[in-house]
Amino acid sequence: MFDATHVEVKRWFSESLVDGLRIDHPDGLSNPAGYLAWLREIVGPHEWIVIEKILAVDEPLETSLPRRGYDGL
């Protein structure tokens with residue numbers, strides 16, 4: 001099911017149906033950094049991948065997650 005779902009995601013980008021993806025709470029995955037790197041390979045180098053993670057006051061964003069831009073206040 002996982003592979004079939006991502007074939008569909010790749011199709012969305014191939015057919016220009018979407019401009020990007022939002023991944024909520026990737027820290028719930030067994031390998032969040034690996035998944036995001038794999039997802040980058042599927043969607044291409046210039047497409048948006050946005051991750052959403054609500055952090056506790058004393059909780060830093062996982063440093064192994066690939067990211068660019070705004071990291072908080």
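This is a predicted model: local features need pLDDT of at least 70, side-chain atom pairs count only at pLDDT 80 or more; totals for chains, interfaces and linings use all residues.

Guide: Residues are numbered from 1 along each chain as its sequence is written, and side-chain values use heavy atoms, with hydrogens and water left out.

Visitor: Why are helix 1 and helix 2 called oblique to each other?

Guide: The axes of helix 1 (residues 2-14) and helix 2 (residues 32-43) cross at roughly 45 degrees and come within 9 Å. Axes are lines fitted to C-alpha atoms, for helices over the stretch in contact, with angles from 0 to 180 degrees between N-to-C directions. Under 35 degrees is roughly parallel, over 145 roughly antiparallel, 65 to 115 roughly perpendicular, and the rest oblique. Helix 1 and helix 2 are therefore oblique. Helices here are DSSP runs (H or I, at least four residues), and strands are E runs of at least two, numbered from the N terminus.

Visitor: Which residues make the contact of helix 1 and helix 2?

Guide: Helix 1 brings Phe2, His6, Val9, Lys10 and Phe13, and helix 2 brings Tyr35, Trp38, Leu39, Ile42 and Val43. Contact means heavy atoms within 4.5 Å. By class, that is eight nonpolar, one polar and one charged residues. Ala, Val, Leu, Ile, Met, Phe, Trp, Tyr, Cys and Pro count as nonpolar, Asp, Glu, Lys and Arg as charged, and the others, Gly among them, as polar.

Visitor: What makes His6 count as buried or exposed?

Guide: Buried means under 20% relative accessible area, exposed over 50%, partly exposed in between (1.4 Å probe, protein chains only). His6 has 7% relative accessibility, so His6 counts as buried.

Visitor: What joins the side chains of His6 and Tyr35?

Guide: A polar contact of 2.8 Å. The term needs a pair of N or O atoms within 3.5 Å; within protein, one must be able to donate a hydrogen and the other to accept it, and residues adjacent in sequence count only if both atoms are side-chain atoms.

Visitor: What makes up the largest nonpolar core?

Guide: The core has 10 residues, among them Val9, Leu21, Leu36 and Leu65. A nonpolar core is a set of buried Ala, Val, Leu, Ile, Met, Phe, Trp, Tyr and Cys residues joined through side-chain atoms within 4.5 Å. Helix 2 gives the most, with five residues.

Visitor: How do you know that Leu36 is buried?

Guide: Its relative accessible area is 5%, so Leu36 is buried.
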